[in-house]
Amino acid sequence: MLYLDNSATTQVDPKVFEAMLPFLKEEFGNPSSKYYPQAVNSNKAVESARQQVADLLGASSKEIIFTSGSTEGNNMIIKGVADYYSDQGNHIITTATEHPSVLETCRYLETKGFEVTYLPVDRYGRIDQEEFKASVKDSTILVTVIWGNNELGSLNNIKEISDYCLAQDVFFHTDATQVIGKVDINLEGYPGISFLSCSSHKFHGPKGVGCVYIKKDQYDMLIPLTPLYHGGGQENNIRSGTLAVPGIVGIGKAAELAKERMAENIERLKENEDYLTRILKEKFAEVIVFNNDVSDKIPGILNVQFKGINNELLLKQLAPMIAASTGSACSSSKPSHVLKAIGLTLEQIRNTIRFSMSASISKKDLDVFTDL
Ligand code: PMP
């Protein structure tokens, strides 16, 4: 079975699993307790994971707050900023092709009196920079733009958005869930990024853990915002609750591996993408259309229309050999809002499948397509 749904989730790396095991067995201490070995060891492991994640992002460990994943991270930042800065403005800018955890949060805030601009996108799902700049106004308190799209792989020009937000003194959040380990991010080069969210299971870590990056100022203070969870004050009083130590150790190890293997993984993903593109073009020339761009994208994601073929039926038929999906696993029953936003008809959307690869796949694995 060839697994090509890595944008939905990835397999836990064996080294990640090994690193987590002691914290599911004998090292069960609460990292907020003190003095005795289990507590101290748990605390050390959490802080070492924080450093591993910070190293991957080019951030300081203080700027990393552990969460349960990107849904939580996106909710935390958007609601937290909206609430904390509501006396400074009520305008939020986002895009039509965000993940539902951003879009639905923005829609919720609209019911609370916030004004949201949903920027349209081009045929590959990218926003227009001039349109974005023109949408920023005095009442804008937050810009939230996805770094790389989960269905099409297209990258937004995060550098330009981040520079503009810095110049305009507006907070900028980016959902980086799909780009971690696949795009070399160094936040030192993006001083305009105030917040970033990511999820461990998208880069070979465990499910149910992620983090947000919250930028600190020159006094080492994180940008203040209203916490999503109030309680015992863990995670700098931003995310209370006993820390999920095994998961946190897992995201730390996954981050370390992602950093170590970044160049090699990107290379492999690009090769796989080119190889599968070639096979699909040769084999299905008459019936396929690629919805994704060929450059400036997350490597390893292909979004393909099989003209006249229902995607759900095709996926069912492929399922014994190939695992893929219609796009976002989170909203598979509804036609993709991303594909709608790039101008596809309902028929074209119903013909579309996403193949998302991992670096551990070889060309030989992909040869299964030649036998279809
Ligand atoms: N943002 C993007 C771009 C995603 O792809 C996902 C996962 N599909 C999420 C946010 C939510 O992540 P999680 O389900 O881990 O909370």
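I began with the shell around the ligand. Helix H3 (residues 70-84) gives the most to this shell, with three residues. Helices are DSSP runs of H or I with at least four residues, strands are runs of E with at least two, and both are numbered from the N terminus. I noted that this is a predicted model, where local features need pLDDT of at least 70, side-chain atom pairs count only at pLDDT 80 or more, and totals for chains, interfaces and linings use all residues. Residues are numbered from 1 along each chain as its sequence is written, and side-chain values use heavy atoms, with hydrogens and water left out.

How many residues surround the ligand? I found 15, and the closest are Thr71, Asp175, Gln178, Ser199 and His201.

I sorted the shell by class: two nonpolar, 11 polar and two charged residues. Here Ala, Val, Leu, Ile, Met, Phe, Trp, Tyr, Cys and Pro count as nonpolar, Asp, Glu, Lys and Arg as charged, and the others, Gly among them, as polar.

Next I checked polar contacts (pairs of N or O atoms within 3.5 Å). A polar side-chain atom of Thr71 lies 2.7 Å from a ligand oxygen. A polar backbone atom of Ser70 is 3.3 Å from an oxygen atom of the ligand. Thr177 has a polar side-chain atom 3.3 Å from a ligand nitrogen. Taken alone the ligand exposes 390 Å², and the protein buries 88% of that. Those areas come from the Shrake-Rupley method with a 1.4 Å probe.

Then I turned to the rings. Rings of Phe, Tyr and Trp (its six-membered ring) pair if their centres lie within 6.5 Å; planes under 30 degrees apart count as stacked, over 60 as edge-to-face and the rest as tilted. I counted seven aromatic pairs by this rule. Tyr84 and Tyr85 form a tilted one, 4.9 Å centre to centre with 55° between the planes.

Is Tyr85 buried or exposed? Tyr85 counts as buried, at 7% relative accessibility. Tyr84 is partly exposed at 41%. Buried means under 20% relative accessible area, exposed over 50%, and partly exposed in between (1.4 Å probe, protein chains only).

The centres of Phe171 and Phe195 are 5.7 Å apart and their planes at 65°, so I logged this pair as edge-to-face. Phe171 lies in strand S6 (residues 171-175) and Phe195 in strand S7 (residues 195-199), so the pair ties together parts 24 residues apart in sequence. Tyr84, Tyr85, Phe171 and Phe195 form one aromatic cluster.

Notes: A residue is near a molecule or strand if one of its heavy atoms lies within 4 Å of it. A polar contact is a pair of N or O atoms within 3.5 Å; within protein, one must be able to donate a hydrogen and the other to accept it, and residues adjacent in sequence count only if both atoms are side-chain atoms.
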